[in-house]
Amino acid sequence: MFGNRVTAVLAAIIWTLVVIASLWSQRGQLDRTAEAMARTDAVTNLKKDMAIRKWAASVGGVFINADHVPPIETLEEQEHLSGEKMDGTPFSLVALTPIHILEAVQKVSDKEYGIKERLTSQQLRNRNNAPDDWEAKALKTLENGAPMATEAVPRKGSHGLMRVMIPMRMEKECLECHRDTLIPVGGLRGGAVISIDLNTYRNVQEPTWRSIQYWHFGIWFLGLATISTFSFFARRRALEQERQSEERRENELAFSAMAEGAIITDAEGTILWVNDAFCTIYGFTRDEVIGKNPRILKSGRHDDTVYRDLWQQLKTVGHWRGELWNRRKSGEIFPEEISIRALRGQDGRIRRFISIFSDITARKQADDELRKYREHLEELVRQRTEELTVARDQAEAANRSKTVFLANMSHELRTPLNAVIGFSQLMDKDPALSEKQRHNAEVIQRSGHHLLTLINDVLELSKIESGKMRLMEEETSPAELLHEVADMMRGRAEQNGLTLVLEAPDLPPGALLDTVKLRQVLLNLLSNAVKFTRHGGVVLRVKTQAAGEGKARLEFSVSDTGIGIAPEDLHRIFEPFEQAGTPSANQAGTGLGLTISRQYLHMMGSELAVESTPGQGTSFMFTLLVQTCDTPAARQGAHGRVIGLEAAERGKRILVVDDNPETRLLFRDLLEPFGFEIAEAEDGSQVKERVDSFQPELILMDWRMPQMDGLEAMRRLRAGGNACQPRVVILTAYAFEENRQEALAAGADDFMRKPVNEAELYAVLEKQLGVHFMRETGTPHQGGQKQAELSAADLACLSVQARARLTEAVRELNPAKIAAELAQIRAENPELAARLLALAENMQYRQFWQLLGIAGI
């Protein structure tokens, strides 16, 4: 490669020198051409002057006006003539000889055209015509017979002059004046010299010179490009040849060093070369196989068809790959995996065959072992699959058993709770109860609600773990939701001497949220904050950040100044049935609130985080990305405690079907006071008979009954073709949402869970029967302001016992208990009861406490 570069450089230098030499030659040729042109013009001018001299000599001279005679000394010797013109003006004429005329012409040429001409002679009559050194040499040259003498004379700062001399011969006409020179006719009398500037002629050659330079530069550049291109491709070819040589050496080394055997044959199959691995595998030396045909390796296990197909594929496709059994030199037959490829020349004809093979004896043995192991493994997998299938079936059965157990537990607990809570509420409304009996009823009711909360929490956790819980998003106002939650907890906080502050600026007017789950999360967090805080207060803070595309990021935090959480408890508090704090500080509860809250937030795409410093307080944080919307329409609904039914709407017939007599009695006590006609049935098997006889307009039917459940009874009623087809509301202690969907799909008109809530029961009756209950109404507060007319003095009319019961109910934030107390107050003071009921319905607990004078306000 180095030699190629040196050659290219030498070629470039030689080419440059050739171009320079050509330029030098062209420049000389142009200079010679300019000199020849100048010489030609000089001779032409001199010959012209000689022609003028001959003409003058042929006429014997020329007379001119003496006033125009040039200052020539010899003219004084010439003939002068005088005369007069026709007008009598005298004039004088002088005879000019040919030489005089020639000198005059030369002076005009020198003056007008810059062409310097002069005459010189070896026998001077005029000193001005004395020859210089070159002219003397030129005269001698002319004497020797030369037709002319020339010289290019350099001039400093220019291109120089061209000097030309032609001979002046003695002629007959000249003897008259030059006899004394003793020069015979035809002899050299002198010379006529002319000097011409070569710049004019060389300037004429400049465009040609520039063209020649351009052409030579182009040729030089083209030559260099050609040399570079040739050098580049020559270098590439050398590199390619070197690379190919190196590859051949590497391939030979690789073939020699590779663990697989390699054979190279010619187009007829004669072995040309084998590597060391071939010799090791087959046991032959290289000399023993080179020049032989590969058929010496045949084992005899394959028939001719195999080899015929092999060679046919090699000739058509160009390669073949497969397994063959061949024979070693020792006679041992072994399997090998072989790949053969045909190498073709530029004419497309096969030139070589290359075969690469490897001994696969060990692999075959391993394959046999693997096949046996795989067969064994398949049997093990089949057995394990059967075991896992059994385990899965057992797990599914256990899960179903758990679900059935929870459902049955919920049913068995909710059914008696329905009677416990319902009758305790009815007892609490009885004005004839003593203070002790009323207190006992309150304890029963409070315990029943606590047990119901425990059941609900356990079932909620079970539904979450089973994956049956689903998000139910709806358009809602975040501000209304937050104020509702804050108002629900503010009374309890203030009862404990704490402040509860809501900081939620810049909330969107509406958002798509699961209000039930979000409300439950916030209530759980606020309830814990109030529970474990002794001094200070609780802050519910919500920050809003725009997230683009109609979305907003709501950052929630609930902070308190309570007892805090120890670092080792920060993870434990999220476990089911775990509570923070020391055993002495432990509070009532299920220990499921944070667990359920975290699971709810996971469903909403968030994570519940906690920061706490023992003795200083705790903060729970989570973030929700919500879709914003316009302000949702306000929810409409009936408010106020039911106090009666219009006379025109009384007399509606309702059939209560339940195997539990306490439940039937509860519905009778709840409905008969409002003018409903109640009939009872103990089992679903009695429904058809009671419908035919009682003709009810509505059936309140329990789901689970001993002989025939409610769904089956309803299906038979719908399919029986009875003329009377009352509306059916399924009652059940089952708490799962799928139970509701199953009941509605079976044909139920509505669905209610036990324990039955009075307000929900009355709402269902209004919806299904088209009746409208009369409710106690009160003017709601606008903006959370107190009524101007109501003051603490207005409650002075209450008895001590009534005031104490109302105070306790308000402290517990128990709407049902507050409504029951106000119902008793209504008997004594209906107006005051209505106004207080308005405060309760609008959750204005702070104003309620101020009126009652509860401490901590």
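Trainee: What makes glutamate 697 count as partly exposed?

Mentor: Its relative accessibility is 28%. Buried means under 20% relative accessible area, exposed means over 50%, and partly exposed is in between (1.4 Å probe, protein chains only). So 28% puts glutamate 697 in the middle class. Before we go on, this is a predicted model: local features need pLDDT of at least 70, side-chain atom pairs count only at pLDDT 80 or more, and totals for chains, interfaces and linings use all residues. Residues are numbered from 1 along each chain as its sequence is written, and side-chain values use heavy atoms, with hydrogens and water left out.

Trainee: How do you know that glutamate 697 and lysine 652 meet in a salt bridge?

Mentor: Check the distance. A salt bridge needs a side-chain nitrogen of Lys or Arg within 4 Å of a carboxyl oxygen of Asp or Glu. Here the N to O distance is 3.7 Å. The pair therefore passes. Glutamate 697 sits in the loop between α15 (687-694) and β23 (698-702), and lysine 652 in the loop between β20 (642-645) and β21 (653-657), so the bridge ties together parts 45 residues apart in sequence. Helices (H or I, at least four residues) and strands (E, at least two) are DSSP runs, numbered from the N terminus.

Trainee: How many salt bridges does the rule give?

Mentor: The count comes to 30.

Trainee: What makes arginine 286 and aspartate 276 a pair of this kind?

Mentor: Their side chains meet at 2.7 Å, N to O. Arginine 286 is in helix α7 (residues 286-289) and aspartate 276 in helix α6 (residues 276-282), so the pair ties together parts ten residues apart in sequence.

Trainee: Is arginine 286 buried, exposed or in between? And where does aspartate 276 fall?

Mentor: Arginine 286 has a relative accessible area of 27%, so it is partly exposed. Aspartate 276 stands at 39% and is partly exposed too.

Trainee: Where are arginine 363 and glutamate 337, and what distance separates them in their salt bridge?

Mentor: The N to O distance is 3.6 Å. Arginine 363 lies in helix α9 (residues 361-429) and glutamate 337 in strand β11 (residues 333-344), 26 residues apart. Arginine 363, at 34%, is partly exposed. Glutamate 337, at 22%, is partly exposed.

Trainee: Why are α11 and α12 called roughly parallel?

Mentor: Look at the angle. The axes of helix α11 (residues 478-495) and helix α12 (residues 515-531) come within 10 Å and cross at roughly 25 degrees. Angles under 35 degrees count as roughly parallel, over 145 as roughly antiparallel, 65 to 115 as roughly perpendicular and the rest as oblique. So α11 and α12 are roughly parallel. Axes are lines fitted to C-alpha atoms, for helices over the stretch in contact, with angles from 0 to 180 degrees between N-to-C directions.

Trainee: Which residues bring α11 and α12 together?

Mentor: Among them are Leu481, Val485 and Met488 in α11, and Leu518, Leu522 and Leu526 in α12. Contact means heavy atoms within 4.5 Å. By class, this contact has eleven nonpolar, two polar and four charged residues. Ala, Val, Leu, Ile, Met, Phe, Trp, Tyr, Cys and Pro count as nonpolar, Asp, Glu, Lys and Arg as charged, and the others, Gly among them, as polar.

Trainee: How do you know whether valine 538 is buried or exposed?

Mentor: Valine 538 stands at 1% relative accessibility, so it is buried. It is found in strand β16. Its contacts, not counting residues up to four places away in sequence, include Val501, Leu526 and Val558.

Trainee: What about valine 756: buried or exposed?

Mentor: Valine 756 is buried, at 12%. It is in the loop between β25 (750-753) and α18 (758-769).

Trainee: What is the phi of aspartate 506, and of glutamate 549?

Mentor: Aspartate 506 has a positive phi of about 60 degrees, although it is not a glycine. Its relative accessible area is 68%, so aspartate 506 is exposed. Glutamate 549, also not a glycine, has a positive phi near 55 degrees. Glutamate 549 is exposed, at 76%.
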